[in-house]
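Look at the sequence and the fold together. The paragraphs below walk through helix pairs and then a sheet.

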Amino acid sequence: MISVVRMLSTLLDHDGRRRLLRVVATFVATGVLQGLAFAALVPLLVALFTQDWNGVTAWAGALLGLLVAHHVLLTLADLAGYDLACDLLDRTLARLGEHVARLPLGWYDADRTGMVGRMASKGAADISSIPGHLLRPMTAAVVSPVTVVAALLVLEWRLGVALLAGVVLVFAATRLLSVIIGRSEAGYDTAMANGSARVVEFALNQQALRVFGRTVHGNELVEDAFAAQRAASRRMLVTGFGGRGLQLLAVQALLTVVVALSVHLVLGGSLDTATAVGLLVLSVRFVESMVDLGELSSALRIAQGSLRRVLDLLEIAPLPEPAVPATARDGAVEMTDVSFSYDGSTPVLDGVSFTAPARSLTAIVGPSGSGKSTLLRLAARFHDVTSGSVRVGGVDLRDLGTEALMADVSIVFQDVYLFEGTLRDNVLLAAPDADPARLAEAARLARVDDIVARLPHGWETRVGEAGSTLSGGERQRVAICRALLKDASVVLLDEATAALDAENEAAVQEALTALAADRTVIVIAHRLQTVTAADQILVLDGGRIAERGSHADLLAAEGRYRDFWQQRTSAAGWQLVGEPAG
Amino acid sequence: MASPLRDILRPVRGRLLACIALTVVSTVAGLVPMTGIVELARILLPATSGASIDAGRAWLVVQVSLGALGVRLATILAASWLSHAADLDLSVLLRRSLVARLGRVPLAWFTERSSGQVKKAVQDDVAALHHLVAHSAMELTAAITLPLTVAAYLLSVDVTMALVTCVPLVLGIIGLRISMRGAAELYQTYDRGLAEIGSAAVELVNGITVVKTFGREGRTHRRFTEVAQRFGGFNRDWMRHSALGMLLMELALTPVLTLTLVAVVGALLASRGNLATIDLVPFLVLGLTMTAPVTVAGYAGRELREATGAAQRIQELLATPELPVPATAANPEGGRVELRGVGFAYSPGGRLVLDGISLTLEPGTVTALVGPSGSGKSTLARLLPRFADPTLGSINLGGCDLRSLTSEQLYERVSFVFQETSLLRTSLRDNIRLARPDASDQDVRHAAAAAQILDRLDALPRGLDSVVGEDALLSGGERQRVAIARAILADTPVLVLDEATAAADPESEAQVQQALSTLVAGRTLLVIAHRLSTITGADRIVVLDSGLVAESGTHTDLLAADGLYARLWRADQRAHSEPAHTQTAEVAR
């Protein structure tokens with residue numbers, strides 16, 4: 001409860017925090033007033049039963065006064081709470097959007113995409129429901145019983161002590177319940193996530209599953225996942241059940257003890273009957289609040305989970321940015337003794353040093369897992385290096401700052417992202433004011449003009465997830481077109497591994513030549529033409545540069561590169577069927 | 001209850017009814033201790049005026065209350081157990097039927113939907129029923145039983161006071177109604193807004209590289225901000241619109257109001273002698289329970305709406321037409337494939353992307369499909385494993401229309417290897433023997449060896465038991481070879497292949513090539529060719545252009561004809577031309 005308020009306040013600004021505290025304080029005050037109103041019942045009833053009409057008038061007046069004060073405060077707090085709920089939603093979304101845009105690019109992967117999506121929708125809604133709908137009943141359910149117990153200790157200490165013991169018992173049971181449920185919920189969440197992954201797999205691999213007959217004889221993997229889900233639900237049910245039973249039992253035992261104790265005290269003559277009746281009424285109210293508490297705590301736990309996840313995301317440190325960004329001299333890229341590890345222990349790059357002079361073409365080759373993609377990602381500052389330095393135009397990336405770096409770098413990686421929007425929008429992202437002639441020239445060089453000609457609405461065809469989908473090769477051509485339009489001096493390119501047909505290959509090659517004309521290009525090379533055209537070739541192996549030099553030098557060196565070259569040229573001559581056509 | 005819900009809930013109806021009955025019992029039993037307190041007051045109160053107390057009776061009341069509490073505890077737990085168990089069974093039942101049904105619908109159903117949508121239907125929509133089945137039935141029953149029983153009891157005590165006690169309830173209902181004005185529509189807008197925000201966030205994250213490359217003012221960030229602000233604005237408007245009603249409801253339903261109202265009015269009536277003071281006690285003890293249903297109704301409304309929507313979606317899905325099962329079993333003979341006047345459009349009445357294709361694949365021959373991108377090569381190839389059915393014409397296998405074959409008959413005869421591999425997150429062994437789950441270890445190893453992947457798999461700590469994506473982290477080319485091993489083990493006479501598979505991973509191109517060569521040997525092969533040099537030896541090359549067969553013949557024939565194929569060939573040669581010192585390799589191609 002207090003932890004939720006503390007978590008909420010980290011999400012808010014100074015003004016919001018003050019308002020939150022005011023709202024909480026007012027809710028606490030209404031809880032106290034409610035508790036006092038309950039307590040006032042006892043003297044009112046005593047006065048009624050003893051026909052003390054002056055007392056009745058006085059206590060009825062007090063009760064009315066408490067009601068008015070309670071309702072005035074509640075109105076103020078509720079309205080402020082609604083307002084705060086709206087602000088909180090806006091603020092959560094704004095902070096998420098802002099923060100996500102500042103995280104290291106390397107942080108993102110497919111799982112996280114979905115996670116951010118859920119956080120921004122359901123998560124934000126859950127969080128905003130806290131001041132809007134949860135804070136008041138929660139506060140009331142805690143504060144008013146405490147007030148009642150305090151009042152009871154004054155009015156009739158023996159019953160007060162009994163209730164106090166009961167409160168401790170019920171709080172403990174509630175606490176225990178949420179711990180137990182939390183634990184089995186984790187198991188349930190895992191089982192559900194596995195089940196969902198299986199269903200996604202089932203949908204994605206439908207073709208293979210059918211062609212190989214797995215939809216006819218049942219799909220064991222999906223079946224097993226459902227069975228595991230069921231088992232996890234059952235476990236959660238059993239544990240939750242024990243907990244809930246315990247909680248109900250505690251509440252009811254409390255009521256029973258109070259009733260029995262009252263009867264005992266009255267019969268023993270040490271408690272007067274009017275007070276006893278008043279106290280019994282009070283106890284019923286008290287027990288009801290405790291039941292509310294149990295029901296609210298699960299809603300609170302859900303909201304708290306969402307809050308925790310959003311705060312965790314916001315706590316991930318963005319890459320440090322320089323106070324005064326330095327300016328890059330030119331487009332030269334230089335790595336000095338760069339080492340990098342994703343997990344802090346296994347090095348992916350180890351002591352890599354090279355210089356790519358401005359307007360040169362550097363090709364990177366090497367087996368998969370040798371660190372090629374990581375090297376390119378470090379040059380784009382998807383991550384900061386673990387040790388060593390990466391410089392562009394003589395300036396360390398950390399001093400250059402992301403904004404300046406991004407202005408100077410074009411990235412054409414394998415996973416080309418197209419936005420919902422027209423093909424034109426997607427290309428012009430690079431240079432919104434490009435004149436038609438420049439656009440046409442870039443489109444021609446990247447052979448996007450062919451794509452435009454093929455699509456039903458040409459440049460105005462909607463692409464992206466919901467629109468027409470372009471093939472892998474075509475997407476890469478769009479990305480190259482973007483890069484051509486963008487006035488950046490460095491181009492980082494991963495030649496698509498998606499097989500390119502003759503048409504796409506020719507296009508990519510021409511565009512690459514055009515790009516390399518006046519830019520520094522670092523390319524993970526898959527095509528033989530690219531390596532032969534490169535000014536320098538870096539052969540990576542196990543995170544280190546094994547060989548470097550020009551194509552001719554490296555061939556002559558008869559090392560790894562020569563093996564690579566021979567393998568690739570023989571692969572290029574492969575025929576699926578029949579005799580070579582000579 | 002709305003009808004989609006009734007239908008969905010049918011399998012657990014018995015248990016839900018039992019659960020409702022138990023809840024009625026538990027609600028009434030829960031009221032017994034309350035009336036017990038009232039009784040105690042009646043027994044004890046005479047003592048104030050000095051009369052003697054019937055102690056035995058007092059203790060009896062305590063004992064009866066205690067017994068009722070026991071009954072309540074037992075029934076509430078039993079009802080809750082029943083409803084949760086019903087929910088468990090129902091969700092497994094629904095998920096199984098959904099998956100079973102989806103395994104039989106036309107494949108096009110999947111191409112029209114994202115895997116996320118399928119997951120939402122099978123997992124989330126079924127989960128949305130949970131609250132309804134496991135909780136709402138009980139809550140609603142209690143919310144109706146409780147005030148009715150209490151009202152009846154209170155009316156029997158004093159009519160005026162009973163009406164006074166109902167005032168907050170009436171005010172609460174009025175508040176609820178005010179706050180729910182136009183709520184059905186608003187909830188829809190709200191849900192749409194949430195979905196929009198979710199997808200804007202996903203887009204923001206997916207496009208983050210582009211966002212960064214093109215500056216902070218990149219359009220997705222702007223779009224996210226716009227969507228978020230619009231949603232925030234809507235949320236605020238709605239909050240303002242319903243604030244008054246919600247506030248009224250809260251003020252009416254707080255226990256303080258009922259308590260004060262009952263106490264003050266009761267005291268007034270008692271002071272005038274219109275009410276026995278002792279008769280005030282039942283109202284103070286029980287009056288507050290009257291307001292509970294409004295709160296429940298507020299929550300239940302939304303739950304019910306969500307569950308109804310989910311139930312409707314589930315039912316629609318369960319009603320998706322299945323691929324028709326052939327009435328009489330066909331009896332295909334031999335492996336000849338004949339395409340007769342095949343036309344294909346993605347939507348009924350839409351543009352034909354394939355038109356008038358007639359083609360025969362003789363057993364054991366190689367047919368290559370070539371053509372510019374968008375010419376229909378892949379679409380045509382995908383008709384053979386029946387990923388879709390032709391819009392016009394027919395495809396015959398061994399003399400029988402594909403549509404007359406059962407799934408078993410088809411998958412025993414046709415398999416495919418495409419560029420995108422489809423490995424499942426399970427052991428490598430099970431991945432390889434997907435088509436023949438009973439294949440022996442020796443067969444699996446044999447296929448893996450033929451696909452050039454056995455050594456790599458044996459080198460893994462758990463060998464063939466390694467799980468793809470967990471301890472078997474394979475490169476693209478390695479995944480391709482596992483998929484090839486799978487096709488080798490399936491050993492179908494007809495194979496559809498995307499030649500691009502060979503080049504999907506440059507690092508292990510040579511090994512994938514070798515595996516493919518092993519796979520295709522001796523089969524009736526239909527291959528989608530991207531690099532023409534790989535299929536010059538094909539028995540027949542079919543050149544597609546805008547969905548029509550432009551030319552067909554052998555490599556030599558087609559070059560001599562100097563048509564589209566010859567042009568494509570020259571472009572291919574240019575694209576793959578090497579610098580001078582590698583010309584020898586080129587000539588060999």
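**Helix pairs and a sheet**

Helix α3 (residues 55–102) of chain B packs with helix α12 (residues 292–318) of chain B at an angle of about 40 degrees, their axes 9 Å apart. Axes are lines fitted to C-alpha atoms, for helices over the stretch in contact, and angles run from 0 to 180 degrees between N-to-C directions. Helices (H or I, at least four residues) and strands (E, at least two) are DSSP runs, numbered from the N terminus. α3(B) and α12(B) are therefore oblique to each other. Angles under 35 degrees count as roughly parallel, over 145 as roughly antiparallel, 65 to 115 as roughly perpendicular and the rest as oblique.

This is a predicted model: local features need pLDDT of at least 70, side-chain atom pairs count only at pLDDT 80 or more, and totals for chains, interfaces and linings use all residues. Residues are numbered from 1 along each chain as its sequence is written, while chains are lettered from A and ligands numbered from 1 in the order in which they are written.

Which residues of α3(B) and α12(B) meet? From α3(B) come B:L94, B:S97, B:L98 and B:R101; from α12(B) come B:I314, B:L317 and B:L318. Contact means C-beta atoms, placed from the backbone, within 7 Å. By class, this contact of α3(B) with α12(B) has five nonpolar, one polar and one charged residues. Ala, Val, Leu, Ile, Met, Phe, Trp, Tyr, Cys and Pro count as nonpolar, Asp, Glu, Lys and Arg as charged, and the others, Gly among them, as polar.

Now turn to chain A. Helix α2 (residues 14–49) of chain A packs with helix α3 (residues 53–100) of chain A at about 160 degrees, with axes 8 Å apart. That makes α2(A) roughly antiparallel to α3(A). Their contact has 26 nonpolar, seven polar and four charged residues.

Next comes the sheet. It is open, has six strands in the order β6-β9-β10-β3-β11-β12 (chain A), and its pairing is mixed. Strands pair if DSSP finds at least two bridges between them. The edge strands, β6 (409–412) and β12 (544–549) of chain A, each pair on one side only. From one strand to the next, the twist averages 15 degrees.

Inside the sheet, β3 (residues 361–365) and β11 (residues 536–541) of chain A pair in the parallel sense over four bridges. A:I364 has A:L538 as its bridge partner in β11(A). Helix α19 (residues 560–572) of chain A packs on the sheet and touches β3, β11 and β12 of chain A. Its direction makes about 95 degrees with that of β11(A).

Methods
Two residues are in contact if their C-beta atoms, placed from the backbone, lie within 7 Å.
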